[in-house]
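Welcome, and thanks for taking a look at this one with me.

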Amino acid sequence: MTMEDNFNWAEGMACAVTVADAEGVIRYMNRRARETYRKHGDLVGKSLYDCHGERAAGIIRRLLAEGGTNAYTIEKEGLRKMIYQTATTDADGRVTGIVEVSMVIPEELPHYVRG
């Protein structure tokens, strides 16, 4: 079974999904992520640290060392996006890598409070 076989569910998603291992090496990108970063070539097998500035690299190091999440919104090429980065862990709670999900969000995003 290949890495891609494990992520068949992500291929048809309308958001970009990138998975890296505990050393920060990209192991998987779904179709949307590959399209988004096409101009940079095939990034699978490359280090996240080579793709980010020092501030972002520090966040990646923290997530891989301590776990947790980092979430924020950006505007790029006229599109608003939600970026959600989260550490992945094994059954014993050890960090095994990081996943980033990037999705286009509408200009006006409804917010609901549910009790």
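This is a predicted model: local features need pLDDT of at least 70, side-chain atom pairs count only at pLDDT 80 or more; totals for chains, interfaces and linings use all residues.

**Met29 and its surroundings**

- Strand β2 is where Met29 sits.
- Setting aside neighbours within four places in sequence, Met29 is in contact with Glu11, Val17, Thr18, Arg34, Tyr37, Leu43 and Val44.
- Gly12 is 17 residues from Met29 along the chain, and the C-alpha atoms of the two are separated by 12 Å.
- Thr18, one of the contacts of Met29, belongs to strand β1.
- With a relative accessible area of 10%, Thr18 is buried as well.
- Again leaving out neighbours within four places, the contacts of Thr18 are Ile26, Tyr28, Met29, Ala33, Ile98, Val99 and Glu100.

**The nonpolar cores**

- In soluble globular proteins, nonpolar side chains tend to be buried together.
- The largest nonpolar core here has 12 residues: Ala16, Ala20, Ile26, Met29, Ala33, Leu43, Leu48, Ile59, Ile60, Leu63, Leu64 and Ile98.
- At least two residues of this core come from each of β1, β2 and α4.
- Which element gives the most to this core? It is α4, with 4 residues.
- Ala20, a member of the core, is in contact with Val25, Ile26, Arg27, Leu48, Thr96, Gly97 and Ile98, leaving aside neighbours within four places in sequence.
- There is also a second, separate core of 8 residues, which includes Phe7, Ala10, Val99 and Val101.

**Helix α4**

- Helix α4 covers residues 54–66, 13 residues in total, and reaches 18 Å from its first C-alpha to its last, close to the 18 Å expected at 1.5 Å a residue.
- Which residues of α4 are buried? They are Ala57, Ile59, Ile60, Leu63 and Leu64.
- Viewed down the axis of α4, these buried residues fall within an arc of 155°, so they line one face of the helix.
- An α-helix has 3.6 residues a turn, so residues three or four places apart point the same way.
- The other side of α4 has Glu54, Arg55, Ala65 and Glu66, which are exposed.
- The cover over the buried residues of α4 includes β1 (16–21), β3 (69–76), β4 (79–89) and β5 (95–105).
- Ala57, located in α4, is buried with a relative accessible area of 4%.
- Not counting residues up to four places away in sequence, Ala57 touches Tyr49 and His52.
- Ala57 and Gly41 are 16 residues apart in sequence, and their C-alpha atoms are 20 Å apart in space.
- Just after α4 comes Gly67, with a positive phi of about 85°.

**The largest pocket**

- Rolling a probe the size of a water molecule over the atoms shows where empty space is left.
- How much space lies in the largest pocket? The volume is about 850 Å³.
- The lining of this pocket has 34 residues, and those nearest its centre are Tyr37, His52, Lys76, Ile83 and Glu100.
- β1, β2, α3 (31–36), α4, β3, β4 and β5 each supply at least two residues of the lining.
- β5 provides the largest share of the lining, 5 residues.

- Is Lys76 buried, exposed or partly exposed? At 41% relative accessibility, Lys76 counts as partly exposed.
- Lys76 and Val104 are 28 residues apart in sequence and 9.9 Å apart in space, C-alpha to C-alpha.
- Glu77 is in the loop between β3 and β4.
- Although Glu77 is not a glycine, its phi is positive, at about 55°.
- The relative accessibility of Glu77 is 74%, over the 50% cut-off, so Glu77 counts as exposed.

Notes:
Residues are numbered from 1 along each chain as its sequence is written. Side-chain values use heavy atoms; hydrogens and water are left out. The expected span of a helix is 1.5 Å times one less than its number of residues. Buried means under 20% relative accessible area, exposed over 50%, partly exposed in between (1.4 Å probe, protein chains only). The arc is that of the directions from the helix axis to the C-beta atoms. Contact means heavy atoms within 4.5 Å. A nonpolar core is a set of buried Ala, Val, Leu, Ile, Met, Phe, Trp, Tyr and Cys residues joined through side-chain atoms within 4.5 Å. On a 1 Å grid over the protein atoms alone, a cavity is a set of points where a 1.4 Å probe fits but cannot get out, and a pocket is an open set with protein on both sides within 12 Å along at least five of seven lines; lining residues have an atom within 4 Å of a point. Grid points are joined across faces, edges and corners, and a volume is the space filled by probe spheres set on the points.
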